[in-house]
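Trainee: I would like to learn how to read the features of a model such as this one. Please take them one at a time.

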Amino acid sequence: MKELKKLNVLFAKYKWQFIGGVIVTIISRYLSLYLPKYVGKIINLLNDYDKGLITDKEAMKDDLVLYILIILGSTLLAAVLTFVMRQLIIVVSRHLEYDLKNIVYQQYQRLSLGFYKQNRTGDLMNRISEDVSKVRMYMGPAIMYSINMITLFAVVIPAMIDTAPTLAIYTIIPLPILSVAIYVISREINKRATLVQEYLSNLNTISQEAFSGISVIKAYNLAPQMNEQFTQVANDSKDKNIDLARIQALFFPLMVLLIGLSNIMVIYIGGKQVIDGTIDVGTIPEFLIYVNMLTWPVAIVGWVTNMIQQAEASQKRINEFLDIDPAIKNLNEAPTPIKGNISFKNVNFTYEDTNIHALKNVSFEIASGKTLAILGKTGSGKSTILELIGRLYDIDNGSLTVDDIEIDQLNLNDLRNSIGYVPQDAFLFSDSIGKNIAFGKKDASQEEIEAAAKNAVVHKNITNFTKGYETVLGERGITLSGGQKQRVSIARAIIKKPQILLFDDCLSAVDTETEEKILNNLKKVTKDTTTVIVSHRVSSAKNADQIIVLEDGNIIEQGNHESLLANQGYYADLYANQMLQED
Ligand SMILES: Nc1ncnc2c1ncn2[C@@H]1O[C@H](COP(=O)(O)OP(=O)(O)OP(=O)(O)O)[C@@H](O)[C@H]1O
């Protein structure tokens, strides 16, 4: 229960509903005692009449009607209260589930990029859906059934002992056996159900990958292999389902058997006691009802125990994420407006998970409003520089300042708000193109959206679609070409009019002519914006105020187009090669 303690804060928020739920449960269980008591009385009355002990038939009839009305009234009231109990406790559990999901989601948003690189999306999704659902089972049904069972025991057992103590002991004996048996079975059911779940998720992964990669599958004629793989996993999944069905099939017969045994015990022992004259005949039906009232809650003890164990395991997984301190924290809540002077002095950076020393003693400066281009072979550390400017990671040592303030001393929100970032692989949401562009600026008008699209040279492509800016992208919407995606992503960044623009090789999928147009437009609209362009193409870099060339995390060349050409190094070679290709 250690892990579940974390939920107490949440429970406290709804304590009155809980207390109400407990009170209502106690009253409703108390009312349910009237049924067995009065059934017993009715049988005794009829028995007395049968033996000729009652002579006033009319008075007896009146008593019978009264008893039946009492049974009806108490049962009805108990039913209404049971409904209220469910309303209180189960509704609270849904509120708690909602609160918990929000807490987990907010924590996800706080966590740094490194966390997402280390954890699989499926796992993140599972903790917020599957695990939270299992915890809800503890917060709702498990607690409700436990309260129900405890109160039922507290009222029924004293009533039984009060009526017939010996018979009560014999009747109660088989119940713990039932409880243990159900516990063992439901544990096995859970084990098998978990396996079924795992196989189902394998099946989902295979089908999802087959659908997403359908073009590769068709091009390589891999359909038969995929079929075979799918059939294999589907077969395993079916076997696991059958295993589960087998054990589930045991559950109810076992319950019926044990209830039957308890009933026989009541009739056998009770019958003997009636013959001995120690109890009335009406006590037998009264006890039969008690047994049936107690069986379900007792059976449920095993089930509830399992539910709590599962919730404990799930909450442990949730806590693992909740307890993580984000690697990147905002150390300054005071506003720090950003102008965009960026300076790297002997910056070193190593990726913790791979231990790759991605930047080695990197130094350069960009004045506000100037453009820096970064070139270099793949894996040389270009994107890493952009990630450090966006403070997605903190540097190991050296100094990285923006407007002469160490980057970690800036208000993180101000820093991020001042940056327009276009990643290497443009990610667009399954929403309209217009909304995807406006994502960079919440209150953007249609004119602003179109102006950004025009500057990113994608406006014409968009207006060619039948629905224009309303065209929905994503799984069920249309898919844009690589170059179109990149340009929509650029429009999203520039609509924000940021102080710093970071372009991570985001012109790679557009032809050089369009690239030229975009860069010229950018020059006009981002006059005061510090721009960093990562590229493999000299054409993207040649007009920059400053160019650096990286190799294996080191700056090997630094200057502008002319000085680097004169240098006759990597840049000059690259330029010569690329000019040759264009010719
Ligand atoms: N999140 C990460 N975790 C661990 N290592 C990483 C991570 N991102 C990049 N690296 C490693 O750091 C080095 C520099 O990567 P970076 O992405 O900065 O290169 P790049 O110059 O932008 O390459 P490309 O031109 O292919 O995009 C590479 O060796 C890469 O494998």
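Trainee: Which element gives the most to the shell around the ligand?

Mentor: First, the basis: this is a predicted model, in which local features need pLDDT of at least 70, side-chain atom pairs count only at pLDDT 80 or more, and totals for chains, interfaces and linings use all residues. Residues are numbered from 1 along each chain as its sequence is written. Helices (H or I, at least four residues) and strands (E, at least two) are DSSP runs, numbered from the N terminus. H12 gives the most to the shell, with 3 residues.

Trainee: How many residues surround the ligand, and which are the closest?

Mentor: A residue counts as near a molecule if its C-beta atom, placed from the backbone, lies within 6 Å of it. Here 16 residues surround the ligand, and the closest are Tyr351, Thr378, Lys382, Ser383 and Thr384. Two or more residues each come from strand E2 (356-366) and helix H12 (382-389). The shell has 3 nonpolar, 9 polar and 4 charged residues; Ala, Val, Leu, Ile, Met, Phe, Trp, Tyr, Cys and Pro count as nonpolar, Asp, Glu, Lys and Arg as charged, and the others, Gly among them, as polar.

Trainee: In what order do the strands of the open sheet stand?

Mentor: Strands of a sheet pair through backbone hydrogen bonds, either parallel or antiparallel. Two strands are taken as paired if DSSP finds at least two bridges between them. In this model 4 strands form an open sheet, ordered E2-E1-E4-E5, with antiparallel pairing. E2 and strand E5 (405-406) are at the edges with a single partner strand each, so one side of each has no neighbour in the sheet. Strand E1 (residues 342-351) is joined to E2 by 7 bridges, and Ile342 stands opposite Ile366 in E2. The hairpin of E1 and E2 has 4 residues between the strands, and Asn355 there takes a positive phi near 60 degrees.
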